[in-house]
Amino acid sequence: MINSQFQKIKLSLFGYLLGVMMIVVLPVLLTGCGNGDEETGPKIHKEFPIKDPKNLSPPMVKSPIHECAEAVHIYSFIPHAKVEVYANQTEKIGEATPDLAFVDIQTSRPLKVGDKITATQTVNNIVSDHTIIPVVVKKWPDMPDGFNKPDVGDDLYECGVIVPVGNLVPSVKVHILEDNIDIGKADAPEEWKAVWTQPLHANRKVTAYQVACEGDPQTEMRSPEADPVTVKPAPNPMPMPNISSASLIVGNDAVTLSGLKVGAYVEVRDQGVKVGAGWATGSGNWVPIDPPISSNSSITAIQELCGNSSPETPPEKPTGMLEAPEVIAPICNGAQHVVVRKTTINATVVLFADGDIVGYSGAVNGDLIITLGGGRKLQTGEKVTAIQYMGQTLSPVSNSVTVVGQIEKPVVEVLGGHWFFNAEGNEQQINGSVFPRGRGDGPIIAITTCCSSGVKASVQDINGNDIAEITLAEIFPGYFTGQWPWTSTASWTIPGDIPVGQYSVTISAQCLNNQTVKEPFYIIFDPDEVNGPGRFSFNEIGVWFGAGSNADKGLLYHLHPDDKRIFDIAIKAANGHTKQIEAAKKIASAEEALFSYSLNYHTNDTLVLLNSYNSAQCADDANFLTGLLRAVGIPAHPATADADIETGNANWNFDTWTELLVFNNANPEWMILHPHEYPGVTPRTRIDFGTNAGVAMESTQDLIIMANENWDWNEANDNSYDVTYKRNSCKKPEQNINKKNWIYELCEGGYWTTNHWNCEGVGSSSSGLSAESEIDISDAGWGRRIGHRLTLTNLHPAKVFGSGTVELLFDLPESKLFPDKVIYTQKIGYELDGKATNTISNEIPLPRSRPAGYDMYLRTTVEDSVVALTPVKLEDYLTSAIKIEGIMQPGKTVTLIFKVTNTSKVILEDVRLDLRVPFALMLRDKEIPGIEKLQPDETKEFSFDVKVVAPIEAGSIILDVESANGGASRTMVPFIIEDSIMTMPAKRAVIKK
């Protein structure tokens with residue numbers, strides 16, 4: 001999942017209704033080169049013909065519109081239709097043929113107070129009726145505090161030609177300045193605008209201001225300038241964009257891209273031929289293409305800044321599915337508007353009443369309001385459905401809603417909550433929308449009453465006290481919206497004074513005998529307050545590390561912060577707090593109360609841990625706490641310390657704790673909580689923790705690492721080691737370790753002093769003995785023996801004697817416990833004259849096999865001090881492989897084909913198989929047969945059907961194969977599953993010029 005690169009904007013009262021559902025950025029398209037004539041305009045599906053204006057929906061006009069406006073926003077029409085804008089029904093003042101189903105249209109004159117603005121759409125020479133509820137142009141209100149100060153997007157790049165600006169007042173003109181020179185301007189009919197500019201220059205300051213009625217001395221109002229944003233150098237090399245597989249639907253003419261740099265030139269190709277291009281307005285964009293995607297398409301993309309082009313993306317074939325739309329209930333008798341959700345950009349949406357076509361519109365990113373054509377009004381008992389299509393690709397039919405004559409009490413929804421908190425797969429849905437505090441203009445309330453008199457709304461705080469009355473607007477008869485702008489009777493400073501916790505909105509309607517309803521919603525911290533990285537904020541994956549011998553491997557933990565069971569724990573603990581650091585203390589205490597402590601590996605999923613275990617190891621604690629913190633908007637991630645077990649300075653594999661980003665003395669800082677190890681404490685700084693917490697000091701840890709926000713899903717859980725290192729003369733890790741580029745070493749990132757492994761101040765052994773351990777595996781094999789030699793040197797002049805042990809061990813890297821199992825122990829004794837050397841030789845019997853995923857070691861101790869920990873790596877007699885056949889998208893069923901091969905000349909006995917999949921997949925058959933005997937060079941093949949039930953940012957299918965007499969094999973196949981409807985919650989269209 002990808003956060004919008006520009007989130008600190010404000011939405012209007014009606015922003016949700018115009019395409020914002022649980023997002024903060026409204027999709028925008030500026031275009032002057034769309035397709036809309038009869039030959040290249042909308043292609044209407046033959047099964048759903050438009051015969052006359054009764055089938056065709058009048059477009060909607062965005063409200064409010066203020067005097068002097070020179071652009072208006074129109075939506076709810078068919079993509080590529082001709083859209084015409086009128087003042088007072090007869091004066092045509094604008095026209096466009098947009099690629100998408102929403103557009104800003106420039107007007108031929110400034111609008112005047114009292115102008116009634118409507119629009120029509122024309123498809124194949126059929127013209128719709130005018131907008132049935134005109135938007136009346138308003139006089140600018142008095143603004144004693146002045147205009148809003150705009151917000152300029154944080155990520156601006158050298159050579160970029162786009163500057164996104166938010167926190168605008170509809171109907172203004174917005175100007176862009178670079179080092180106080182005006183470099184671009186645009187009319188803004190909404191609260192957000194991507195402005196075309198001259199190319200930007202690295203390290204210069206960009207700001208913006210908005211102005212109403214520019215040039216009119218009587219009415220002109222100008223805002224303060226936005227806080228300046230420094231232009232970043234253009235990336236070199238330029239990163240490759242990402243293509244959303246879910247958008248690759250046969251018939252689609254808009255491809256979704258992510259990973260874009262604002263202002264970059266973007267190009268989409270089909271079989272190497274350019275089919276769409278424009279300039280990126282955000283990190284995620286729709287790119288209209290022509291011709292549409294066909295079954296033979298092979299889609300690639302690039303982006304370019306300053307002449308540096310990214311690599312072309314790997315070609316992708318169309319695999320996306322078109323989901324059924326959702327008709328929202330109730331629908332009242334006499335209604336001329338219907339609200340439809342789950343429409344897919346750039347689909348055409350058809351509305352039916354009792355099977356007859358009553359409306360034709362186009363998809364938006366959120367709630368779509370479809371107006372019935374031809375003045376049609378719905379009657380009680382009619383059944384309303386919808387379908388959407390792209391070319392010849394049809395969606396399933398929507399749910400059916402029966403029109404009602406009246407309702408007993410208001411129906412209310414609190415809309416605009418963050419998209420992240422939608423439950424998926426086996427997750428439980430939170431019983432209310434979740435809002436990062438202060439972000440946007442506040443929660444949007446949508447109310448259906450089927451009547452119009454005496455409808456009221458108020459907001460209650462976490463203690464149930466009324467804190468605000470909501471001003472409601474009737475969008476169409478019996479349907480109201482309002483917005484709580486975060487303020488309260490206590491005059492909160494936004495956002496710092498807003499307590500987190502459960503809130504509610506209460507609705508009453510005089511026309512419904514004053515029946516009231518109450519709807520809960522939740523407010524959490526906003527990660528943007530501390531500049532939280534997206535992958536440590538609203539993200540479901542924690543990355544930690546298991547330890548091997550002088551090596552560490554990345555591991556995934558599925559956190560589920562959007563699941564009600566996890567969210568409820570976090571919000572209850574944080575309830576009422578306004579400071580992240582205080583809330584974090586309470587959340588950590590709540591986590592500690594859930595589990596006792598254990599060194600064993602349990603799971604990699606917080607829901608499994610919560611439902612199936614009452615104990616947790618450090619990695620469980622750290623990841624569970626990470627999930628709880630992210631659930632309430634506190635950025636967090638696990639950090640892992642590789643324990644110095646190889647030289648005996650620790651008796652555990654690793655340690656894992658939680659880093660969280662909170663204000664510390666008014667500045668954001670990464671701080672540490674370590675549940676169970678240091679219970680009930682205030683978060684500690686890195687330097688304090690590394691200096692004073694025993695588990696983090698140099699004396700017990702080899703190194704401290706974390707996955708940064710750019711961790712690679714394909715590498716972070718592939719069963720290979722991502723960090724390796726050698727040891728220097730004092731048996732500490734060499735200063736420069738080998739690691740993947742998405743891993744940070746934290747030892748010198750705030751925990752310890754620099755050049756900590758230079759051996760300065762590290763003394764020699766106090767035991768007076770020098771020891772070297774060697775093994776001979778030249779003739780090793782399962783069930784055989786290996787030779788072992790221990791060479792001891794007495795460094796002192798006096799005679800010494802004593803004892804020790806040689807042990808053969810099994811260890812699971814994911815387990816803090818070391819070892820997980822001792823399979824052989826042999827005692828040794830020694831007696832050495834002064835300065836003498838002696839070698840003790842013995843043989844160690846090897847086991848017939850090993851558990852899958854476990855490493856084997858030989859540990860040698862002398863006088864309870866570890867002198868050597870040596871990996872024993874034997875060749876396994878079998879291999880395994882997994883192949884995935886089918887499309888990995890929610891709702892699809894794929895087939896897993898896996899093979900097990902005996903690579904030896906030995907008959908393998910009692911071969912057992914264990915297949916594990918994460919929560920996003922569901923095995924149809926859970927019983928996997930074993931193999932009684934596997935002959936030399938024989939291969940057995942199995943297949944299992946798996947249903948894809950949820951999107952997932954990263955996961956692995958794990959196949960463990962174990963034999964009774966020839967070792968084991970673990971195969972891990974990393975994968976991702978994109979949301980079939982929407983992979984990026986806050987998308988915009990590229991700008992064409």
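Let's start with a charge and a ring: Lys-816 lies over the face of Trp-652, 5.6 Å from the ring centre. Keep in mind that this is a predicted model.

**Charges over rings**

- Besides the Lys-816 and Trp-652 pair, have a look at Arg-535, whose charged end sits over the ring of Trp-711, 3.8 Å from its centre.

**Aromatic pairs**

- The structure holds 31 aromatic pairs.
- One of them is Phe-48 with Tyr-389, a stacked pair at 6.2 Å centre to centre with 15° between the planes.
- Phe-48 comes from the segment before strand 1 (60-61) and Tyr-389 from strand 29 (residues 383-390), so this pair ties together parts that are 341 residues apart in sequence.
- Both Phe-48 and Tyr-389 are buried.
- Phe-818 and Tyr-857 have ring centres 5.7 Å apart and planes at 65°, so that pair is edge-to-face.
- Phe-818 sits in the loop between strand 55 (800-811) and strand 56 (821-832), while Tyr-857 is in strand 58 (residues 855-862), so the pair ties together parts that are 39 residues apart in sequence.
- Phe-818 and Tyr-857 are buried too.
- There's also a cluster linked by ring pairs: Trp-419, Phe-420, Phe-421, Tyr-522, Phe-538 and Phe-567.

**Salt bridges**

- You'll find 51 salt bridges in the structure.
- Lys-193 and Asp-104 meet through their side chains at 2.7 Å, N to O.
- Lys-193 belongs to strand 13 (residues 193-196) and Asp-104 to strand 5 (residues 102-106), so the pair ties together parts 89 residues apart in sequence.
- Lys-193 is buried, at 4% relative accessible area, and Asp-104 is buried at 10%.
- Asp-187 and Lys-173 form a salt bridge at 2.9 Å, N to O, and both are buried.
- Now for Lys-883 and Glu-885, whose closest N and O atoms are 3.5 Å apart: Lys-883 is partly exposed at 48% relative accessible area, and Glu-885 is partly exposed at 37%.
- Shared partners join Asp-644, Glu-646, Asp-702, Arg-727 and Lys-732 into one salt-bridge network.

- Four strands make an open sheet in the order 32-34-38-37, paired antiparallel.
- Strand 32 (411-415) and strand 37 (472-476) are the edges, each pairing on one side only.
- On average, neighbouring strands of this sheet are turned by 25° against each other, direction ignored.
- Strand 32 pairs with strand 34 (residues 444-448) over five bridges, in the antiparallel sense.
- Val-412 has Ile-447 in strand 34 as its bridge partner.

Key:
Residues numbered from 1 in each chain as written. Predicted model: local features only at pLDDT ≥ 70, side-chain atom pairs only at ≥ 80, totals over all residues. Heavy atoms only, no water. Phe/Tyr/Trp six-rings, centres within 6.5 Å; stacked < 30°, edge-to-face > 60°. Helix = DSSP H or I, 4+ residues; strand = E, 2+ residues; numbered from the N terminus. Buried < 20%, exposed > 50% of the residue type's maximum accessible area, 1.4 Å probe, protein only. Lys NZ or Arg CZ within 6 Å of the ring centre and 35° of its normal. Pairing = 2+ DSSP bridges. Axes fitted to C-alpha atoms, helices over the stretch in contact; angles between N-to-C directions. Salt bridge = Lys/Arg side-chain N within 4 Å of Asp/Glu carboxyl O.
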